Amino acid sequence: MTLCDIGNTHLHFYQEGRVWACAPQNLATHQEALQGEVFYISVNPHATNALLELCPSATNLAPKMQLQSKYEGLGVDRVAACLGLLGKSGVVVDAGSAITVDMMENGVHLGGVILPGFEAYRHAFKHISPALDVPLNLRVNVEALPNATTDALGYGALQSVLLTLKHLVGERKVYFTGGDGKFLANFFSNGIYDGLLVFNGMRATLGA
């Protein structure tokens with residue numbers, strides 16, 4: 001059995017403990033690994049079509065996922081990550097193209113917020129002015145006032161995320177996943193990084 005989490009830029013796969021990712025245009029190189037049952041969730045219709053062309057029997061797991069929530073329009077990737085807590089309480093932070101923050105209490109979703117991912121910050125700055133088309137220094141010292149543009153941009157992006165998270169998290173346990181999840185987890189003494197959180201939610205839905 002293979003699980004596939006189709007995100008905005010990549011398809012992420014899980015198969016018997018092995019995890020890998022690929023871009024939609026490179027999907028054909030993984031055809032051999034997709035011979036058995038394939039279950040997927042997706043936020044990217046184009047990449048979904050690429051998967052179904054290669055593996056037409058793949059099953060969309062989204063209709064089977066159930067999360068108690070009043071939130072309208074909650075993305076299936078966020079649902080899966082929240083289900084990945086397996087009933088525990090805490091805050092789920094999925095730090096990818098966007099940074100989503102979801103509050104869970106005893107298996108119930110209380111609500112959440114969405115922030116731009118760090119790459120989105122970089123693109124936004126670039127569109128403001130060519131002078132801001134420089135890398136973000138996310139290793140900037142947030143205890144000191146920046147004196148260079150790359151530090152100033154990094155400080156602005158990083159602190160806008162950290163201050164929002166710290167306000168929402170408080171003393172709760174916070175579970176990070178996604179490409180920048182491990183980096184952000186370092187700023188929280190009560191932070192836990194779990195790169196399999198979405199897949200755990202998918203497996204729980206399947207009873208695996």
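Local features were considered only at pLDDT of at least 70 and side-chain atom pairs only at pLDDT 80 or more, whereas totals for chains, interfaces and linings use all residues of the predicted model. Residues are numbered from 1 along each chain as its sequence is written, and side-chain values rest on heavy atoms, with hydrogens and water left out.

The largest pocket holds about 730 Å³ of space. Pockets were located on a 1 Å grid over the protein atoms alone, as open sets of points with protein on both sides within 12 Å along at least five of seven lines; a cavity, by contrast, is a set of points where a 1.4 Å probe fits but cannot get out, and lining residues have an atom within 4 Å of a point. Grid points are joined across faces, edges and corners, and the volume is the space filled by probe spheres set on the points. The lining comprises 30 residues, of which His12, Asp94, Gly96, Gly178 and Gly179 are the closest to the pocket centre. By class, nine lining residues are nonpolar, 14 polar and seven charged, where Ala, Val, Leu, Ile, Met, Phe, Trp, Tyr, Cys and Pro count as nonpolar, Asp, Glu, Lys and Arg as charged, and the others, Gly among them, as polar.

At least two lining residues come from each of strand 1 (2–6), helix 2 (76–83), strand 8 (98–105), helix 3 (118–128) and helix 6 (197–206). These elements are DSSP runs numbered from the N terminus, with helices (H or I) of at least four residues and strands (E) of at least two. Domain 1 (2–60) and domain 2 (67–117 + 154–196) each provide at least three residues of the lining; the domain bounds come from an automatic or database domain assignment. Within helix 6, Leu197, Val198, Phe199, Asn200, Gly201 and Met202 are buried, that is, under 20% relative accessible area, whereas exposed denotes over 50% and partly exposed the range in between (1.4 Å probe, protein chains only). Gly207, with a positive phi near 75 degrees, follows helix 6.

The largest nonpolar core contains 27 residues, among which Phe118, Leu158 and Leu184 touch the most other members. Such a core is a set of buried Ala, Val, Leu, Ile, Met, Phe, Trp, Tyr and Cys residues joined through side-chain atoms within 4.5 Å. Two or more residues are given to this core by each of strand 7 (90–95), strand 8, helix 3, helix 4 (149–169), strand 10 (174–177) and helix 5 (181–185). Helix 4 makes the greatest contribution, with seven residues.

The whole structure contains zero disulfides, defined as pairs of cysteine sulfur atoms within 2.5 Å. For Cys55, the nearest cysteine sulfur is that of Cys4, 9.2 Å away; Cys55 is buried at a relative accessible area of 4%. The sulfur of Cys4 is also the nearest to that of Cys82, at 20 Å, and Cys82 is buried with a relative accessible area of 1%.

Most residues other than glycine have a negative phi.
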